[in-house]
Amino acid sequence: MVGLMLTAIARARRISKTNEMDRLTESLTANYSDSIFEVLDDLADNFLITDPAIAGHPIVFASRGFLAMSGYLREEVIGRNGRIFQGTGTNRRSVLEIREAIRGERTVQISLLNYRKDGTPHWILFHLCPVLVEGRVIHFLAVQVPIARRSRSGRRGLVFGACRDEVREELGFRLDSFEDTDNRGLEAEELREASDFERQKATNAAKNILSILKYYRKHRDRLLCGKSCSLASVVPLNSSLNISLGRIKQSFVLTDPYLPDMPIVYASDAFLSLTGYSRHEVLGQNCRFLNGPDTDVEALQEIHDSIRAEQACTVRVLNYRKDESSFWNLLHISPVRNAAGKIAFHVRVQINENSKDVHGLSPEMRQLSAVAAVKVAVRSLSAGPVPSSRPSSS
């Protein structure tokens, strides 16, 4: 009996790992083309591509040049956050500057002390820039150029003190251990400023990679010509809001009441796992795609009425996964207001009636905690001004 349980657990972990890797791969293929990996792999530059819409803001591509420079294998990097390249000597001010660039969705170029897999420190010129599609940030590109050692003095990059949890989680810089256990020559590492040549090299590499991504995005759009693109009208979410929402482990979606047919503009990883759909299949869709032949019409009407009244509601509704299997969804819907007090979104928290919570919390508590976390994220990181019109559909 124990052996069967262990086998089932191992199988579930393998399936979960496979689903996670598929989601990371899809981050590029769904936005560009299936051949984008081969194209990027031919480039000699050192760079990473990350996806702020996936929980943890993980790396979805690492170039061969970067892997050779850092000493990591690709499978050790993909799906991980940038924390694995940082260490005790990483400058806290640099971390904050990068964090603000991500929050503002802007380009930043800064000297940064990174660490190879074997623990040796090395200075790089870190060039971060957003990858935009119709004004929407879909990825961040991080080009990294090694800074040559020069005979000059400068301030040390070693800064003691712990970085806030928010910074560590959003950016993943490992600044929480400052014990002098393995300096490996860190005392001799002083701040290195990049030369004009190194700065230009990073800028040119970023421009080249962005142009390639843009070309393959257009190539993908041509292949999809004639098909409806549900993402075209979706209002982009701020990258910082995406990252904050990604920390919430419950199954939920955000819908925009001011767009036609009230589409989904954010879907959590847990929602994708519950329903079996991929992110690009969900974004831009109305939530009715989860309904099926035996879905209760009265439950749907209750949802519609609560949205019209701008009130929260909880219903038990039969929904369907992508593979057409059904599950009883304990659904909680609540309006989410921005910092100005206007309704910005509606959040829908889904709980499979047959699921068990490892912490023993009731479904109601799990739903309310998820709603509260979403409201905090939206109010603190407003996605922009919201029209004052009322929603017209559910």
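Is Pro 335 buried or exposed? In this predicted model, Pro 335 has a relative accessible area of 11%. Buried means under 20%, so Pro 335 counts as buried. The residue belongs to strand β9, which covers residues 326–337. Leaving aside neighbours within four places in sequence, Pro 335 is in contact with Glu 310, Gln 311, Ala 312, Ile 343, Phe 345, His 346 and Lys 375. Ala 309 is 26 residues from Pro 335 along the chain, and the C-alpha atoms of the two are separated by 9.9 Å.

An open sheet elsewhere in the numbering is built from 5 strands in the order β2-β1-β5-β4-β3, with antiparallel pairing. Strands β2 (59–62) and β3 (108–115) stand at the edges; each has a single partner strand, so one side of each is left without a neighbour in the sheet. From one strand to the next, the twist averages 30 degrees. At the β2 end, strand β1 (residues 47–50) is joined to β2 by 3 bridges, and the two run antiparallel. Within this pair, Thr 50 stands opposite Ile 59 in β2. Helix α5 (residues 92–104) lies across β3, β4 (121–133) and β5 (136–146). The helix runs at about 130 degrees to β3.

The cysteines can be taken last. A disulfide is a covalent bond between the sulfur atoms of two cysteines. A search of the whole structure finds 0 disulfides. Cys 129 is buried, with a relative accessible area of 3%. Cys 313 is buried as well, at 9%.

Definitions and conventions. Residues are numbered from 1 along each chain as its sequence is written. This is a predicted model: local features need pLDDT of at least 70, side-chain atom pairs count only at pLDDT 80 or more; totals for chains, interfaces and linings use all residues. Side-chain values use heavy atoms; hydrogens and water are left out. Helices (H or I, at least four residues) and strands (E, at least two) are DSSP runs, numbered from the N terminus. Buried means under 20% relative accessible area, exposed over 50%, partly exposed in between (1.4 Å probe, protein chains only). Contact means heavy atoms within 4.5 Å. A disulfide is a pair of cysteine sulfur atoms within 2.5 Å. Two strands pair if DSSP finds at least two bridges between them. Axes are lines fitted to C-alpha atoms, for helices over the stretch in contact, and angles run from 0 to 180 degrees between N-to-C directions.
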